[in-house]
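Hello,

Please open the structure below and keep it in view while you read. My notes follow it.

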Amino acid sequence: MKEALRYLAGVAGPSGFGSNSTAEQVTEDSPCLIPPQLTAIITGGTSGIGAETARVLAKRGVRLIIPARDVKKAAEMKERVQKESPQAEIILLEMDLSSLASIKRFCSEFFSLGLPLNILINNAGKFSQKLEFSEDKVEMTFATNYLGHYFLTEMLLEKMIETANQTGIEGRIINVSSVIHNWVKRDGFRFGLMFNPLSSYNGTRAYAQTKLANILHVKEISRQLKARNARVTINAVHPGIVKTGIIREHKSFITDSFFFLVSKLLKTTSQGASTTCYVALNQQINGVSGKYFADCNEMNCSSLTNDESLGRKLWKQTNALIRRRLWQPTSENVNLQMCIPVMYRPLQ
């Protein structure tokens, strides 16, 4: 009850920000001393919270790499951002987050640019009401929200560690999750049924499971980075309830009625992007890793996310799945072999 009242009132937490804070506000105050010429990759950066995150980071002088499935839509976003910030450097590259092959191509193109990488924002999300599968034969919500971001992070991680070592600037990875992860119970979190549901598909359940997986991914990678003494952090954020494309995809009488009744509780897009921007740029959280943030403050999350054995098991199962999918014999896999991390190459 106390948390709800703080949210409604917009009361600032220990960070000095709260539910009413905007992305611009959390990146313009004195604690946000942004180093020059940072480079960030933002998935889902062409609309909604991702586009607002891109706009604000560009305004703060961050070079942006925007992977996009719809390049025309990405070009329109770039034009809008550069109209406000003419000096903004924005590079558009094609990528379908639900396709492992597409992610490989994107990473190969990005590496060929010879750019550093300071920030990775895994923001894109999908809510699929009907059961559908990606080209890798993985349930689409799972493929987009979790598996794609997992693989993208693994592909880019060494570049981020290298950049941090060369520049002395801490690298930051942000997984955009959701409070809905709390809906998932242990007996409902089964890896095989998540990527390949056999029956009784439920879109809300599938979405919630991916958001729990996003946080478990954060916790596990954080432990691995700390063991390596790497100057890269990884954290999860809950943006709040914002009427973005994710919500529009879930059209029903209940949803429309619900959002009509609680419209006063909805965040604006800029408020929704604030926690992502705070965790990406604010210097108050230097060295903070493996945590969950909401309303620009560290928050508690599901007890399941603190189960190290569950996180490690998920990481291993995901590796095995990616290895199987990547090494199905196709000419494209052979051509892209050299840009795949050693951990995903066939065992000799």
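Predicted model: local features only at pLDDT ≥ 70, side-chain atom pairs only at ≥ 80, totals over all residues.

**Strands, sheet and helices**

Strand β4 and strand β5 (residues 171-176) run parallel and are paired through four bridges.

Now step across to β1. Strand β4 (residues 119-122) is also joined to β1 by three bridges, and the two run parallel. Here isoleucine 42 has isoleucine 121 in β4 as its bridge partner. β1 also pairs with strand β2 (residues 63-68), again in the parallel sense, over three bridges. In that pairing, isoleucine 41 stands opposite isoleucine 65 of β2.

Are the residues of strand β1 that lie on its two faces buried or exposed? They are buried. Thr39 and Ile41 sit on one side, Ala40 and Ile42 on the other, so both faces of β1 (residues 39-42) are covered.

Next, the whole sheet. In what order do the eight strands come? The order is β3-β2-β1-β4-β5-β6-β7-β8. The sheet is open, and its pairing is mixed. β3 (90-94) and β8 (297-299) are the edge strands, each pairing on one side only. From one strand to the next, the twist averages 25°.

Another helix, α4 (residues 71-84), lies across β2 and β3. α4 runs at about 175° to β3.

Last, the helix pair. Two packed helices are described by the angle between their axes and the distance between the axes. For α3 and α4, the angle is about 35° and the axes are 10 Å apart. The crossing of α3 past α4 is right-handed. Which residues meet there? From α3 come Ala51, Ala54, Arg55, Ala58 and Lys59. From α4 come Met77, Val81 and Glu84. This contact of α3 with α4 has five nonpolar residues, three charged and no polar ones.

Best wishes

Terms used:
Residues numbered from 1 in each chain as written. Heavy atoms only, no water. Buried < 20%, exposed > 50% of the residue type's maximum accessible area, 1.4 Å probe, protein only. Pairing = 2+ DSSP bridges. Axes fitted to C-alpha atoms, helices over the stretch in contact; angles between N-to-C directions. Contact = heavy atoms within 4.5 Å. Left-handed = near helix turned anticlockwise from the far one by under 90°. Nonpolar A, V, L, I, M, F, W, Y, C, P; charged D, E, K, R; others polar.
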